[in-house]
Amino acid sequence: MISCIDSIFLKQVYLYGGQVTSWKNERREELLFLSSKALFQPPKPIRGAMQFGNLDSLEQHGFARNRLWSVDPDPPPCSSHTNSRAFIDLILRHSEEEAKIWSHRYELRLRVALGPAGDLMLTSRIRNTNTDGKSFTFTFAYHTYFFVTDISEVRVEGLETLDYLDNLQNRERFTEQGDAITFESEVDKIYLSTPTKIAILDHERKRTFELRKDGLPDAVVWNPWDKKAKAMADFGDEEYKHMLCVEAACVEKPITLKPGEEWKGRQEISIVPSSYCSGQLDPRGQLDLRRVTFGC
């Protein structure tokens, strides 16, 4: 575990799973949801906060969140056009332990950074390091669990009118009909070809999580609701009321890398007043990436 990357905004990053377990605002309020029943003992993943998922389809959500990462002691510097107040680089590489489930050689790098205003920025790079000439294919998602005051008072904007795959109905394809996504029951959907900007509005706290992403065309929205929450040993019975998982992802069209090729995906999350985003996100439009400053 790495503690206190920044004394105010970011407290903990776990090497097991490469997982951010705490991100706070300037008032020291926790912004990520971490279950009170989360297990911190391998081989089980840590339930909640922000974890990396999917480097294969053989384990649920892939094996990367069930492996011990290492810290890069000499990471490359941030590019000249970015400005991070603090960052850390984690690395995961092929090991003989996982050869039976994933025979390919790879290098996965994750940079966790904080912007000057406390924005949380993640940049992932996956490189095919095979020496046998073989390509490999994978999917990717940031499993981000947001802490919300009351799930029944939360809405997600930016995904309306889009097609989605419903995991509760054998991944059947539907089109979102509402003018925003609200929550009254269990939800597990993969939204396709999503905009680069998504907003999660927490009305009771009058704040909005603004999620911006690059290289991640899909978005997963999940809340287990009451019955499934009670069935999970590492999740409190009533905790579904205070969490929402929105994942920047690449699911529908898996990524294929030839030997020597590298893929890069990025996500940045900031907190803004709710009125800033409400009613102003066009799901058919795209955020101008020239005006977005991501972490390096």
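Let's begin with Lys189, which is buried because its relative accessible area is 15%; buried means under 20% relative accessible area, exposed means over 50%, and partly exposed is in between, with a 1.4 Å probe and protein chains only. Its partner is Glu176, and the two side chains meet in a salt bridge at 3.6 Å, N to O. By salt bridge I mean a side-chain nitrogen of Lys or Arg within 4 Å of a carboxyl oxygen of Asp or Glu. Glu176 is buried too, with a relative accessible area of 12%. The pair links distant parts of the chain, 13 residues apart: Lys189 sits in strand 13 (187-191), and Glu176 in the loop between strand 12 and strand 13. Strands here are DSSP runs of E, at least two residues, numbered from the N terminus.

Quick word on where this comes from. It's a predicted model, so local features need pLDDT of at least 70 and side-chain atom pairs count only at pLDDT 80 or more, while totals for chains, interfaces and linings use all residues. Residues are numbered from 1 along each chain as its sequence is written, and side-chain values use heavy atoms, with hydrogens and water left out.

How confident is the predictor? The mean pLDDT of the protein chain is 83, and 79% of its residues reach 70 or more; pLDDT is the predictor's confidence in each residue, from 0 to 100. Over residues 278-296 the pLDDT is below 50, though this stretch has 51 contacts in the model beyond near neighbours in sequence, a contact being heavy atoms within 4.5 Å. Where pLDDT is low, the predicted coordinates should not be read in detail.

Back to the charges. A search of the whole structure finds 21 salt bridges. One of them joins Asp72 and Arg109, at 2.8 Å, N to O. These two are 37 residues apart, with Asp72 in the loop between strand 5 (70-71) and strand 6 (86-93), and Arg109 in strand 7 (residues 106-114). Asp72 is buried at 11% relative accessible area, whereas Arg109 is partly exposed at 21%.

Then there's Arg111 with Asp89, whose closest N and O atoms are 2.5 Å apart. Arg111 is in strand 7 and Asp89 in strand 6, 22 residues apart, and both are buried.

Now, which buried residue has no salt bridge? That's Asp218: the nearest side chain of opposite charge, Lys213, is 7.0 Å away. For charge, Lys and Arg count as positive and Asp and Glu as negative; His and the chain ends are not counted. Asp218 is in strand 16 (residues 218-223). A polar atom of the Asp218 side chain does lie 2.8 Å from the backbone nitrogen of Val251. Not counting residues up to four places away in sequence, Asp218 touches several residues, including Tyr191, Ser193, Lys213, Cys250 and Val251.

Last item, backbone angles. Arg171 has a phi near 60°, a positive value in a residue other than glycine. Arg171 is in the loop between strand 11 (163-166) and strand 12 (172-175), and at 45% relative accessibility it counts as partly exposed. Lys206 also has a positive phi, near 55°. Lys206 is in the loop between strand 14 (197-202) and strand 15 (207-214), and counts as exposed because its relative accessibility is 64%.

That's me done.

Key. Helix = DSSP H or I, 4+ residues; strand = E, 2+ residues; numbered from the N terminus. Polar contact = N/O pair within 3.5 Å; in protein donor to acceptor, adjacent residues only side chain to side chain.
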